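Please work through each task before reading its solution.

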Amino acid sequence: MIVELGHYALVLTFALTLIQSTVPLWGAVREDDRLMAIAPPVSIAMFFLVLISFAALTIAYVTSDFSVVNVWENSHSAKPMLFKITGVWGNHEGSLLLWVLILVFFGALVAYFGSNMPSPLRAATLAVQGWVTAGFVLFMLATSNPFNRIPSAPIEGNDLNPILQDIGLAIHPPLLYVGYVGFSITFSFAVAALILGRIDAAWARWVRPWTLLAWAFLTLGIAMGSYWAYYELGWGGWWFWDPVENASFMPWLAGTALLHSAIVMEKRDALKVWTVLLAIFTFSLSLLGTFLVRSGVLTSVHAFATDPARGVFILVLLCLFIGGSLSLYAWRAPLLKQGGLFSPISREGALVLNNLFLSAATAAVLVGTLYPLALDAITGEKISVGEPFFNLTFGPLMVPLLMAIPFGPVLAWKRGDLLAAAERLYAGFGIAILAVLFTFWLWGMERVLAPIGVGLGVWVMAGAICEIWTRVKPREVGLKRAFERLKGLPGAAWGTATAHFGVGVTVLGIVTASAFQDEYVQTMKPGDTVNLSGYAVTFDGVAPRRGANFIEDVGHFTVRQSGVVIAEMEPSKRLYTARQFPTTEAGIHTVGFSQIYLSMGEGRPNGAIDVRVYFKPLVTLIWIGCVIMAIGAVFSMADRRLRVGAPKPSAKRSPQPSATPAE
Amino acid sequence: MILWILIAAMTAAAALSILVPLAHTRAEEPAEDVQTADEAVYRQQLEEVERDLDRGLIDPAAAEAARTEIARRLLAAHERGQNGRKSAESKSSLRTAQVIAVAVLPMFALGLYLFLGAPGMPDQPLSARMTAPAEDQSVDVLVARVEKHLAENPEDGQGWVVVAPVYMQLGKPEQAAQAYANAIRLLGRRDDWEANLGEALTVANDGIVNVAAREAFERAIALEPEAIKPRFFLALALGQEGKTEAAIAAWQDLLEGADPREAWVASAVSSLERLGGTVPEMGDGLRGPDQEQMAAASQMMPEDRQQMIEGMVAGLDARLKSDGGSADEWAQLMRAQVVLGNEDAAREAFELAQAAFEGDEEALASINDAAREFGIIKSN
């Protein structure tokens, strides 16, 4: 009964989405208040219905109800409870249900918090959100229904893909989905603005927090996926430019651009049309990512759903949403009024620069992701576009962007002064130069680019600190007053500085971990020792071990530093017996921010074994930086003030006090 | 019933989420107007600038600049607000929306659900499936239940006794052998369990009686020297080992005085004949499968059934060729060979029968009729 109730709730949701997509919109166009008024309560009703649906499926998983095909295919009565629950979204149908749940949840949030919005905007936004929901619910009911039943329930289920039986991958999809789907709200706002032919002041205020929320979750989701690949796939890499990774990275890049252009729109009433376009692009890239992963056009670890009928359906959805919204944009965008003017050297100018580079970078990743697929589809030739392509295209775009990051926040709105801005950044620049020199001293002159990369990361980090410093002006106002100013700084300022600092941290991690990594790939016999970066790693032997649902060969390694044992590491090779599925568990030992990474390969008959041993300096900074970025987004979101960006009073009237750096 | 009540409740709640806002009369003061909403945002911004200035977060110059900026936007918003709008509420679209909520929504949702869903099907969580009455369940479920029980109580010998023949029927001889071995270990020796253990081991070993199986049969005979099954398999084993003399003696000993209606006899006879031994005198009885055998055949797996029938036909064939028989028995053999698809053997039987009844017009006529009926000779 519970399962059927969940099924009915989903069907009823579909019926409501059809009403939601039409009636409020009709009301908004006809300016009929009563028709518009149904949008918020229907949104909330839809949320509760999908929640019932999701709860029903979860109950079916928890009680191992194998009369539900989806549960039978992806669960097993002996699976630990945690993985029974995460198994709900560890498969195609369930993950779509989670997607829809987040979609309607965001719709309900707009309905709940949107009482101060103009009602046509709210009605149209919720109606567009209704279209997206309708598309996805129909997709589920037609091709991927999680509530399909088997009349006589099989006794045992097929178990979840062992590679997904991991806590990292259990929380990775929900984070990513909140990110992807969060951008649906900005998309709905953008399309609503196009339909109404008007951008309200409230529109501008709403876009930034939604973008921030989605962006923060997407950042965490990507970081989590990257760390999972790092410790689970056993190649010692943390980013592979795999199409699935790119699928989440593209909306992130576009979302980053959107979030910056939304600032301009909110504070300066400018870049409106561009922001609308970016909002459409960002969600389109989210949909594209869903298409790539869900349709099975890629064959990679992530593509656990492969079904051509589904692929075609989701492709049609994709074309409808992207094509429809872009046509609407072409038709209606000229109606939107362009806002405030600004000079090229200004905060706005810096943000436009950011948008240019980020858009170009998104395009580079898009080409690198889709070109091999297109080539495969047209000529049947299989090529893989990997690191070299992205190093040549994405890398050069990032360098000037990173160099420019610290300038943005210290420039004034409307008309800025580059020299004055540079003055405030002297200290940061000095620290960056010191970092470059220090790196040369530490690692020698063989690698020229790497120390410069280190300098770039430090520059971004120091720039963020400089920005806070110049806002507080401790040298002029005194320490006590400065502390008060520090506390009184708006959340958005803290957000900017924190997020930019996080970018610097990630860059520093990427550069050091790639350029200065120490790597040994060799066959080791028991008793053999390799020396890397001052650590002696001794191979003691391999022993078999039995886990709950797998058997594994565990290697034992001892790590010594100047003769003293500092760690014992146990990488292993597992075989999940139910599906005869091998996995690699890397051994990782963290020293400060750096890590020693061990991965075992094939065993040899004489007890020797192929081993990859890495020392990865500062590698954890890559993910720590991502977490810092997300924290920055939270700071910025917490800034509930009404924000307005006014130009600095003309320099002639009140001359800028020169903020000489302290160091 | 509860399902339908809950479905009705959910549908009603969904319909109400549409009907209630539709029923609300228009807000009296047009403060929610679009343009005034814009103005409200700007007015709030102005207040915010004042607050920031009071708290010393921005200096007076910056506050002045911000005020100017906001005021400019506010004026623009106000100008737009001059050509304000009035809510155009039409009776007909209201009616349409109400009809959709009351009629179309429930009908559409229910119709689609009845098409997609399975409203009659109860939940079947693992716990419920494991405790449901046995007669409602498939063999697989019952086996799983016993397995689960045995996994928890591996010392329950009776459980192993119950599950062992089921494994055999399901074509899992290895598990059956293991189950019999467990039963014997826990409950002590019994001749039929030992014999079945040997049989399971033999089937698992593609019909070859290996050492473990032979030992099991020998233990069974030690307990019950007259038991048929262990003697049958031991005779088979002797034949497989190439001890022809001993095997013939064993088969003859087994068949001596046996009831020919027994299922195993035909295959024993054919084994004996393959070794070149003569079939001893058996007890009397109707030739051909009896009720019990038919029933056994109908429960067998198709391959087993085929094997059993072939064994019986081979037995009949051998007997008629060596001892002769009635015209009806020859007809029976012809029919059986035709059914099994052995056209040549059927023709051979027909010719042998004709030779056997030479001069007996009546018998020849009935054999010819039968041959025509089975398509062995053309019906002209």
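The model is predicted, so that local features need pLDDT of at least 70 and side-chain atom pairs count only at pLDDT 80 or more, while totals for chains, interfaces and linings use all residues. Residues are numbered from 1 along each chain as its sequence is written, chains are lettered from A in the order in which they are written, and side-chain values use heavy atoms, with hydrogens and water left out.

**Exercise 1.** Describe the salt bridge between R189(B) and E194(B).

Solution. A salt bridge requires a side-chain nitrogen of Lys or Arg within 4 Å of a carboxyl oxygen of Asp or Glu, and the side chains of R189(B) and E194(B) meet at an N to O distance of 3.6 Å. Next, consider accessibility, where buried means under 20% relative accessible area, exposed over 50% and partly exposed in between (1.4 Å probe, protein chains only). R189(B) has a relative accessible area of 57% and is therefore exposed, whereas E194(B), at 1%, is buried.

**Exercise 2.** Classify the accessibility of E241(B) and K243(B).

Solution. These two residues form a salt bridge whose closest N and O atoms are 3.2 Å apart. E241(B) has a relative accessibility of 35% and so counts as partly exposed; K243(B), with 45%, is also partly exposed.

**Exercise 3.** Characterise the pair E552(A) and R574(A).

Solution. Their side chains form a salt bridge with an N to O distance of 3.0 Å. Both residues are buried.
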